[in-house]
Each structure stands twice: as C-alpha cells, then as structure tokens.
Amino acid sequence: MKRFGHAIALTCLLLLPCRRAAGEWTADIVDMEWSPPRFVAVDKEAQSFSLLARQSPLRVLSAIPCATGQELGDKFKEGDLRTPEGVYFITRRKTLGLNFELYGDLAFPLNFPNPADVLRRKSGHGIWIHGRGHTIIPFETQGCVAMNTPDLHRMDPALAEGLPVVIADQIQIGGTDAAQVRSEAREIVEATQAWAKAWQDRSEAFFGFHDPEKFSITEGQPFAAFKSHKERLFKALPWIQVTLSDVRAIAGPDYWVSYFVQVYRSPT
C-alpha cells in the first residue's frame, strides 16, 4: 500500500523547547534540505499570501494580498472570528455549492483543527482558502483566508491536495534562529525515520514513539487498543517492510510536523 501521510510529531513535543506561544507566533521560514518543495505562508499582520518553493535557495514565487479574520490572535473556539495559526494541509478543491459573495467560485479547505489544535481543545471547522464575490477588505473574514477571486484562479494550479499551509501572525524568511531550526528539523526527520524502522522491526521500541495520552485524544481511541492490535500483528506477521521517502519537516508554533511518502508491505 502506498500512502501519502502527514503527522504531528507529538513525541517530540516532549523533547524540544517551546518556541513561542500560539497567538503570538512569528514563523521563521528557514531554507533547509527538509523544507517542503512548495508550500504556502500566510502572514496575518501583513495580510499577505505567499507561495514559496525550495529552488536552491528558498524563493518566494508569488506574494498576493489576502484577508484573514476580523479579530486578531489565534483561533480557539467556534465563532471567535479569528484565523488559526499553525501548520495545515489543503484537503481538497471545492467548486460546488459555494455562496459566491462570501467564497467566490473556488475554495480549498484546510485540516483545521489539526492534532495539535485538538490537544489544545480548540473548536471550530470550515477554515478555507477561498475567493470572494467582491474586492477583499483586510481583516474581513470569519476566520478563513480570502483572496481576490482572479488571484485565487491564478494560484489554482499550485494549490494541490496535501500542500502545506503555514499561517502565522508574522512570517519571517530566514531569521536569527536558523541554525536552531535546522537542528530541530534534523532531529524530527531522524525521529520519524527511527519510528518507521522500529515499526518495520516489530520492536517494542515502536510504542515509545507515541505519547499514550495525546494519542488517545487526537485519534479518538484508547492507546491500549492501538498497542494491542499492533502487538498481535507483530506476532502474526513473519516480516513487515516500512519504507519512507521524501520526509519533510515544518515548524509550528510549539510543535513540529513531519510528512512523507510511505510504502508498507507484508506477506498479506
């Protein structure tokens, strides 16, 4: 089975220092080998939507005006009129059933709340990147990221399912902590690869990469049930092959996200 996946590196939350509190987050976008080949960065203070690509070095391909929530700060509850801050992914492309005045004729839903949001007990849904039936006004949305519809159509080919979207109060390209960010990214990538190897080895160490309490909250099932299921498979299968490729790491407000292409094989 071949699967594109992205996962919050929850285990590493316990190992890495907290960078900044959500809601006051300046995202340091650092050029490094583990950066996504392409991703979006939304600067809420500047009301700017940027498409970035790692082309030795990191480059801003497009910078376009956008509008975010009517209220400042990070989103914490349904209806607070704030745009969430963190690392998200485009989940699909939506063209049907849209209110043209509010959303234009094109929208890209994001995976809010992500696992880190769930851990913080954030509520809400329906955070999209979308167009508008009129010229955008700064800070006018109910929490989404709105763009002028012609601009969004120009960006359409680049906004594929699975594309990472970093939303922050401010976006800073480079930054004074570049060396620290690269060091943390390397640690995240190595931890992700070690997790896959422990899985392939059917090792008890595999379970140590998970935080049982956080797993239960974000996955909606007891960790004990997950562990029991895996242990049965480890005993029943003579071998498992887990291969990761294109492992990427992105820093969030006080967490990291790793995502990758995964190929899983077993005798069955």
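Trainee: What should I know about the model before we start?

Mentor: The model is predicted, so local features need pLDDT of at least 70 and side-chain atom pairs count only at pLDDT 80 or more, while totals for chains, interfaces and linings use all residues. Residues are numbered from 1 along each chain as its sequence is written, and side-chain values use heavy atoms, with hydrogens and water left out.

Trainee: Why is Cys66 called buried?

Mentor: Buried means under 20% relative accessible area, exposed over 50%, and partly exposed in between, with a 1.4 Å probe and protein chains only. Cys66 has a relative accessible area of 3%, so Cys66 is buried. Cys144, with 9%, is therefore buried too.

Trainee: How do you know that the sulfur of Cys144 is too far from the closest cysteine sulfur for a bond?

Mentor: A disulfide is a pair of cysteine sulfur atoms within 2.5 Å. The closest cysteine sulfur to that of Cys144 is in Cys66, 12 Å away, so the two are too far apart for a bond. The structure holds 0 disulfides.

Trainee: Which residues does a cis peptide bond join?

Mentor: Phe112 and Pro113, with omega about 0 degrees. Pro113 is in the loop between β7 (107–109) and α3 (115–119).

Trainee: What makes a set of residues a nonpolar core?

Mentor: The members are buried Ala, Val, Leu, Ile, Met, Phe, Trp, Tyr and Cys residues joined through side-chain atoms within 4.5 Å. Of the 26 residues in the largest nonpolar core, Phe206, Ala249 and Trp256 touch the most other members. The largest share of this core, 9 residues, comes from α5. A second, separate core of 23 residues includes Phe108, Ile127, Leu159 and Ile167.

Trainee: What makes a space a cavity and not a pocket?

Mentor: On a 1 Å grid over the protein atoms alone, a cavity is a set of points where a 1.4 Å probe fits but cannot get out, whereas a pocket is an open set with protein on both sides within 12 Å along at least five of seven lines. Lining residues have an atom within 4 Å of a point. The structure holds 2 cavities of 30 Å³ or more. About 180 Å³ lies in the largest cavity, where a volume is the space filled by probe spheres set on the grid points, joined across faces, edges and corners. Its lining has 18 residues, of which Asp28, Ile29, Val30, Ile250 and Ala251 lie nearest the centre. β2 (26–29) gives the largest share of that lining, 4 residues.

Notes
Helix = DSSP H or I, 4+ residues; strand = E, 2+ residues; numbered from the N terminus.
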